[in-house]
Amino acid sequence: MSTTAPAPDAVATLAARSLTKRFGERVALNEVSFELYAGEIVGIIGPNGAGKTTLLSILSGVLASSSGEITRTPRETGWVPQQPALYSQLTVAQNLRLFARLEKLADPEAAVQRMLRETALEDRADEQVARLSAGNQQRVNVGIGLLCEPPVLLLDEPSASLDPRQRERLWEFIGGLADRGTAVAFSTHNVAEVERYASRVLVLVDGELLFGGSPAELERAVGGELRDLEGAFVRFLHERGH
Amino acid sequence: MSGSSTNAATDAGPVRWLFVKDLQILRRSPLLVGLLVVYPVALALMIGFAISSPPGKPKVAFYSGVAPGKGRISFGNQQIDISRYASQLFQSIQAIKVRSPAAAIDLVRKGDAQAALIVPPDIVPQVQSLVTNGVGNPTVQLVLNSKDPLERQFADQAISSRLGEVEQAVSKQVLRVAIGDLQQVLNGGTINFAGQNVRLLGLKVSRSIVEGAIASLPRRSPLRPALRQVVGFAGLAIAGLGFASPALGSIATPLTVEQTQLAGRTTPTDAYAVAIAVIVSLMLLALLLAAGLLAIERSENAYTRLVRGLVTPGRLLTEKIALAAACAAVVSLLMAVLVSLFVSLEWARFELWVLALGCGGLAFGALGVAIGGLAREVSAASLMALLLSLPVAFVALVPASAVSGGVGTLLDVLAFVFPFKAALQAASNAFSATSPGMLGPVVHLLVLAAVFGGLGRLAVRRFA
């Protein structure tokens with residue numbers, strides 16, 4: 001699993017520049033810029049309403065930004081929404097096959113078999129999604145996001161509904177992807193997860209990107225005497241009036 | 001990336017795969033799909049049956065005080081059996097014959113009969129007196145159950161209309177006898193009187209005889225002026241009675257109704273009922289399917305995944321409309337084919353059946369996606385579709401003459417902006433070549449499909 005920051009001369013897999021999103025008078029995102037590099041895992045944290053889901057929705061093409069630009073098209077990014085976006089009446093294989101066809105993959109059936117292997121769901125291929133556990137549903141959800149082997153994978157609170165064992169398995173899977181060069185960005189309220197799995201952290205507050213760096217850098221930014229990232233994060237917010 | 005390259009063989013369009021996916025989802029829920037098909041078909045058939053079937057005969061307790069064989073009245077040299085006309089009455093009612101007026105009333109009171117018809121014993125002498133002397137009051141008693149106003153009205157109408165026919169038939173018979181007697185007074189003939197055939201001279205022959213007698217008398221005979229008065233009277237009587245016969249004949253058939261159809265060829269009632277049944281079925285199926293299938297995309301959170309480059313919202317909506325229209329059209333077409341075994345529909349226009357149901361399905365499907373887009377949740381979409389469909393059918397079926405001007409205009413506008421009326425016109429025309437033709441309703445349906453599809457497109461903006 002990659003835990004190191006990108007090299008200074010690395011080429012960004014995805015770059016977001018001055019992304020702004022307005023809903024009427026309200027500014028949900030304000031001039032947010034950052035890069036994602038191959039093989040890194042970036043955690044996006046922030047209080048409720050900070051704009052985390054809005055940012056990921058814009059990067060994935062679900063929402064259009066009011067201004068700003070992104071260097072990847074939606075078809076080049078894998079998208080894993082917070083709630084599994086699956087057809088519960090269909091089987092695991094039918095869900096994967098449908099999206100493989102919609103992605104216009106050269107060999108949809110091969111992609112289905114590959115994803116069943118990677119998500120370790122080969123023996124559940126013909127089972128209806130509605131009968132799977134939340135963890136397995138999330139695996140299918142992630143699998144669909146990865147069907148076209150995207151260079152960037154975006155996940156919105158991917159472990160929110162999972163128990164610890166399911167979380168562990170999910171992060172093993174995501175870590176494996178990063179090891180193979182996929183750039184991963186995820187939003188979460190679980191700061192410990194960021195500390196454990198992310199190589200970089202973005203702190204988003206009221207639509208503004210207040211911090212971008214490694215977890216250790218965030219701890220140092222608030223004095224470094226705190227033992228965990230969560231404490232550093234809370235102090236960081238407090239020092240900035242939140 | 002290697003996996004995302006496009007292959008011509010699989011580039012058949014995302015709509016095809018969404019179509020397959022929706023059919024797989026439907027196949028997973030056979031009970032729901034069965035209900036979705038059976039419910040509208042059963043409802044539609046019930047509506048069609050209710051419209052096409054004449055109301056059944058009301059149960060009427062019947063008491064006649066006239067003894068068997070005693071129903072004859074004499075009129076001149078002829079007799080009329082008025083009890084013969086009772087059988088006409090029984091064509092309209094389901095008669096329960098009882099032995100007394102009290103028993104008849106008791107049946108009505110207990111609810112075993114909707115009405116009681118009591119013919120008193122003096123009906124024959126009363127009719128005889130009326131016919132012979134012009135004095136009489138023949139009266140039958142009708143007792144109605146007042147508990148159910150609809151049943152009361154139904155029984156009242158069935159009996160009253162038939163009694164009117166009986167009354168007219170009797171008067172017609174009496175007049176026929178009267179006209180025959182007048183003819184005999186004019187022209188002479190043979191009548192039966194007290195079992196003996198008696199020859200009547202007739203006014204015309206009498207006048208000839210008297211004129212012959214005058215001619216044979218001496219010119220100055222004192223009888224001549226008196227006999228000339230007799231001849232003059234006979235002439236006047238012949239002329240007067242000559243006019244009287246056709247006048248009486250016209251009274252015997254007092255009213256002739258001539259029907260004029262201003263709106264071109266009208267739909268036979270049975271074919272119209274079939275059209276209503278088929279369109280009700282088409283409407284329910286297309287609305288529920290389209291609304292439900294679109295709402296599923298939102299409920300399953302799949303909509304955002306689909307529209308981020310895999311398929312455009314417009315194509316997604318088109319797929320829902322097309323699938324709902326196809327399924328609804330196939331089911332309603334099968335229904336029409338089955339019903340055509342019992343009701344005469346024009347098979348030579350089968351391609352127009354397909355056109356009418358296809359276009360109707362598209363319009364209802366588009367309305368369905370607009371509902372699904374607004375509701376966003378499957379159960380809410382289904383409920384909205386059901387709640388909307390019945391008023392949509394209702395406003396299209398209310399006759400313009402049944403409501404006041406302002407309300408009628410409002411109903412006309414509502415019927416115009418929803419697809420039921422246009423679909424019904426198209427189906428009626430397809431089934432029996434009625435007015436208006438196919439073009440107007442079909443264009444109307446396609447415009448409505450485009451409008452509701454556009455509304456659906458606006459509504460799904462809220463899905464993201």
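**A covered strand and its surroundings**

Guide: Start with strand β6 of chain A, residues 152-156, which is mostly covered: five of its five residues are buried. Keep in mind that this is a predicted model. A:V152, A:L154 and A:D156 point one way. A:L153 and A:L155 point the other way. Both sets are buried, the aspartate A:D156 included. Buried here means that 20 or more other C-beta atoms lie within 10 Å of the residue's own.

Now the partners of β6(A). Strand β5 of chain A, residues 77-80, pairs with β6(A) in the parallel sense. Four bridges hold that pairing. One of the bridge pairs is A:W79 with A:L154 of β6(A). Strand β7 of chain A, residues 183-187, is also parallel to β6(A), over five bridges. There, A:V152 has A:A183 of β7(A) as its bridge partner. The chain gets from β6(A) to β7(A) by way of helix α5 of chain A, residues 164-179. This β-α-β crossover is right-handed.

Further along chain A, the pairing is antiparallel. Strands β8 (residues 200-205) and β9 (residues 208-213) of chain A are joined by five bridges. A:L204 bridges to A:L209 in β9(A). The two strands form a hairpin with two residues between them. In the turn, A:D206 has a positive phi of about 50 degrees.

Next, the contact between the chains. On the chain B side, 25 residues are in contact with 31 residues of chain A. Two elements of chain B give two or more residues to that side: α1 (14-28) and α10 (302-307). Helix α1(B) gives the largest share, six residues. By type, the chain B side divides into eight nonpolar, eleven polar and six charged residues.

Four strands form an open, mixed sheet in the order β4-β1-β5-β6 of chain B. Its edge strands are β4(B), residues 94-97, and β6(B), residues 141-144, and each pairs on one side only. From one strand to the next, the twist averages 25 degrees. Helix α4 of chain B, residues 101-110, packs on this sheet. It touches β1(B), β4(B), β5(B) (115-119) and β6(B). The direction of α4(B) makes about 170 degrees with that of β5(B). Within the sheet, β1(B), residues 59-64, and β4(B) are parallel over four bridges. B:K59 has B:Q94 in β4(B) as its bridge partner.

Helix α15(B), residues 420-432, has 13 residues. From first C-alpha to last it reaches 18 Å, close to the 18 Å expected at 1.5 Å a residue. Because 13 of its 13 residues are buried, α15(B) is largely enclosed by the rest of the structure. After α15(B) comes B:A433, with a positive phi near 50 degrees.

The other helix is α8(B), residues 223-252, which holds B:R228. B:R228 counts as partly exposed because it has 13 C-beta neighbours inside 10 Å. B:I214 is 14 residues away from B:R228 in sequence. In space, their C-alpha atoms are 7.5 Å apart.

Terms used: Residues are numbered from 1 along each chain as its sequence is written. Chains are lettered from A and ligands numbered from 1 in the order in which they are written. This is a predicted model: local features need pLDDT of at least 70, side-chain atom pairs count only at pLDDT 80 or more; totals for chains, interfaces and linings use all residues. Two strands pair if DSSP finds at least two bridges between them. Axes are lines fitted to C-alpha atoms, for helices over the stretch in contact, and angles run from 0 to 180 degrees between N-to-C directions. Two residues are in contact if their C-beta atoms, placed from the backbone, lie within 7 Å. A residue is buried if 20 or more other C-beta atoms lie within 10 Å of its own, exposed if 12 or fewer, and partly exposed in between; C-beta atoms are placed from the backbone. Ala, Val, Leu, Ile, Met, Phe, Trp, Tyr, Cys and Pro count as nonpolar, Asp, Glu, Lys and Arg as charged, and the others, Gly among them, as polar. The expected span of a helix is 1.5 Å times one less than its number of residues. A crossover is right-handed if, with the strands pointing away from the viewer, the path from the first strand over the helix to the second runs clockwise.
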